[in-house]
Amino acid sequence: MEQQQYDSLAAIQTASDTAALKEVRLHYLGKSGAISCLSERMRTLSKEERPAMGQLLNQWRNTFTEALEAKGKILLDQADAATFASLDATLPGTASWQGGMHPLTLLTDRIVQIFRRLGFTMAEGPDIDDEWHCFDSLNTPLDHPARQEQDTFYLPDGRLLRTHTSTVQIRAMEQAPPPLRIIAPGAAYRRDEIDATHLSQFTQMEVLCVGKGITLGDLKGTAEFFFRELFGTETECRFRPHFFPFTEPSYEIDVRSSTLSHQWLELAGCGMVDPAVFEALNKKRGDRAYDPEEISGFAFGFGLERLVMILTGISDIRMLTENDLRFLKQFAREF
Ligand code: PHE
């Protein structure tokens with residue numbers, strides 16, 4: 001048995017790969033392997049002989065399996081080393097383009113974060129809407145120029161591509177009673193001649209806050225907070241009286257900041273929700289949830305392309321729609 005034991009360990013040492021090692025293992029530990037057969041034969045031994053024989057066999061099995069494991073590891077390491085040796089680490093890698101967000105998406109995300117801190121939630125509405133949501137409910141009468149054929153895209157069935165995201169104000173108030181604090185980013189459409197500062201499809205963000213005791217002070221505070229978060233703490237806002245059918249009083253917000261060339265820039269339209277808008281909603285809802293004697297609200301809206309242009313310093317709005325990767329990549333991580 002000593003000779004056999006010696007042979008078994010030598011066989012492990014001479015095995016040159018894992019397949020050969022497996023053979024050796026089977027030869028000794030397999031069902032009809034030497035070690036297994038000897039274990040079988042133990043049964044035929046006398047009581048006196050058995051313990052000594054058992055001990056010897058155990059010893060053999062242990063040294064054999066240990067040697068087997070050790071050799072297995074060595075063979076694996078050798079195989080790994082051989083693979084690495086054939087690799088050329090100086091070859092160029094496979095480039096992987098992960099993609100990046102469009103500057104408009106990045107800015108939208110950033111603005112959503114700012115308003116989320118003030119307790120605003122996101123609201124959505126369809127791009128194709130009806131005249132009631134786009135105009136009538138917003139106190140914009142039939143003879144208003146915005147409703148003319150040449151200003152708006154009408155579908156044959158009378159529906160239209162929304163000319164502003166103010167439609168989402170209406171949809172949000174239709175669905176839920178006050179208090180309400182929503183922002184609604186999305187596409188808006190106008191029959192504008194496309195040039196360096198106009199697109200026929202652009203992006204707006206609507207902000208609406210309705211509840212008991214909401215004042216013009218809340219509107220100013222919210223707008224100022226927002227623009228300071230965006231452009232820096234030294235940013236100034238100027239509320240210039242204006243007219244929108246759906247707000248009263250109405251203003252345009254001009255913004256000036258050292259980070260924006262110190263010029264006053266007209267960036268948003270805003271105002272206190274007109275009581276006529278609330279009444280249109282009450283009529284549609286069939287209740288008095290938006291009783292203008294009880295509640296008030298402010299709204300403002302702004303174009304995102306213009307903000308992206310200011311923040312990135314690009315001078316032609318069309319660059320945002322051309323999908324030229326050389327252009328887009330520059331701004332992929334800008335915001
Ligand atoms: N909807 C207006 C526009 O498109 C902007 C606006 C929104 C004005 C909300 C006042 C209140 O010009």
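I began with C37, which is partly exposed at a relative accessible area of 33% (buried is under 20% relative accessible area, exposed over 50%, partly exposed in between, with a 1.4 Å probe and protein chains only). I then found C134 in no disulfide, as the nearest cysteine sulfur, that of C270, is 19 Å away; a disulfide is a pair of cysteine sulfur atoms within 2.5 Å. C134 is buried, with a relative accessible area of 0%. I noted 0 disulfides in the structure.

**Basis.** I worked from a predicted model, in which local features need pLDDT of at least 70 and side-chain atom pairs count only at pLDDT 80 or more, while totals for chains, interfaces and linings use all residues. Residues are numbered from 1 along each chain as its sequence is written, and side-chain values use heavy atoms, with hydrogens and water left out.

**Domains.** I recorded domain 1 (2-85) and domain 2 (103-331), with bounds from an automatic or database domain assignment. Their C-alpha centres lie 80 Å apart.

**Cores.** Of its 43 residues, I111, F300 and F302 touch the most other members. A second, separate core has 20 residues, including M173, L180, L208 and V273.

Terms used: Core = buried A, V, L, I, M, F, W, Y, C linked by side-chain atoms within 4.5 Å.
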